[in-house]
Amino acid sequence: MPSLRGANHMPKKRILIIDDSESIHRDFQRVLCPAPAECWDALAQMEETLFGASSAQENLVDLFEVDSAFQGEEGVAKVKAALAEGHPYALAFLDYRMPPGWNGFETLKHLRRVAPSLPVVLCSAYADYSWEELVRNFAEESPPLMELKKPFKSHELHRLARALTSVAELCPP
């Protein structure tokens, strides 16, 4: 029986969370990486027992690899390293406010220089910049730039991650 993480499965979609709050990183992990592989393998075995072999087993869960950076500088360094490894991030979630280092706006400028095709979702309960100001500064950029307000809803985060990592697959760096 093919496993959810079997040889036929495509590589995990890499997502980088750049936020200074450990609890936010845990929330992203909970939503985007909901259960250990053993749980999904057990679910696949039950599905096969109940319904026979299924070609849809790979669709039971998105397999994201979620990495964390707690400051903008650290996030940009991780993006550079991922590119050098040949396994770039498909998406970054970026907090607006991350004292004492770069804020989200400054981090976004550096991300666009290093990985110009990386889709970015700006996340915050409070925005230091208006959406119009962000569009003015980054309107020429081709990858998606979106905003997600905290606290986010799990299903919104999951859908956004699935949609934007799919865009990244269509438009590799």
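**Salt bridges in the predicted model**

Glu106 and Lys109 both belong to helix H4 (residues 104–114), where they are three residues apart, about one turn of the helix. In this structure, which is a predicted model, Glu106 and Lys109 form a salt bridge whose closest N and O atoms are 3.4 Å apart.

Side chains of opposite charge can pair when their charged atoms come close, and a search of the whole structure finds eight salt bridges. One of these joins the side chains of Asp67 and Arg14, with an N to O distance of 3.0 Å. Since Asp67 lies in strand S2 (residues 64–69) and Arg14 in strand S1 (residues 13–18), the pair ties together parts that are 53 residues apart in sequence. Both Asp67 and Arg14 are buried. These two residues also take part in a network of salt bridges that links Arg14, Glu65, Asp67 and Glu85.

A further salt bridge is formed by Asp95 and Lys150, the closest N and O atoms of which are 3.3 Å apart. Asp95 is located in strand S3 (residues 91–95), whereas Lys150 is located in the loop between strand S5 (145–149) and helix H6 (154–170), so this pair ties together parts that are 55 residues apart in sequence. Asp95 is buried, as is Lys150.

Conventions:
Residues numbered from 1 in each chain as written. Predicted model: local features only at pLDDT ≥ 70, side-chain atom pairs only at ≥ 80, totals over all residues. Heavy atoms only, no water. Salt bridge = Lys/Arg side-chain N within 4 Å of Asp/Glu carboxyl O. Helix = DSSP H or I, 4+ residues; strand = E, 2+ residues; numbered from the N terminus. Buried < 20%, exposed > 50% of the residue type's maximum accessible area, 1.4 Å probe, protein only.
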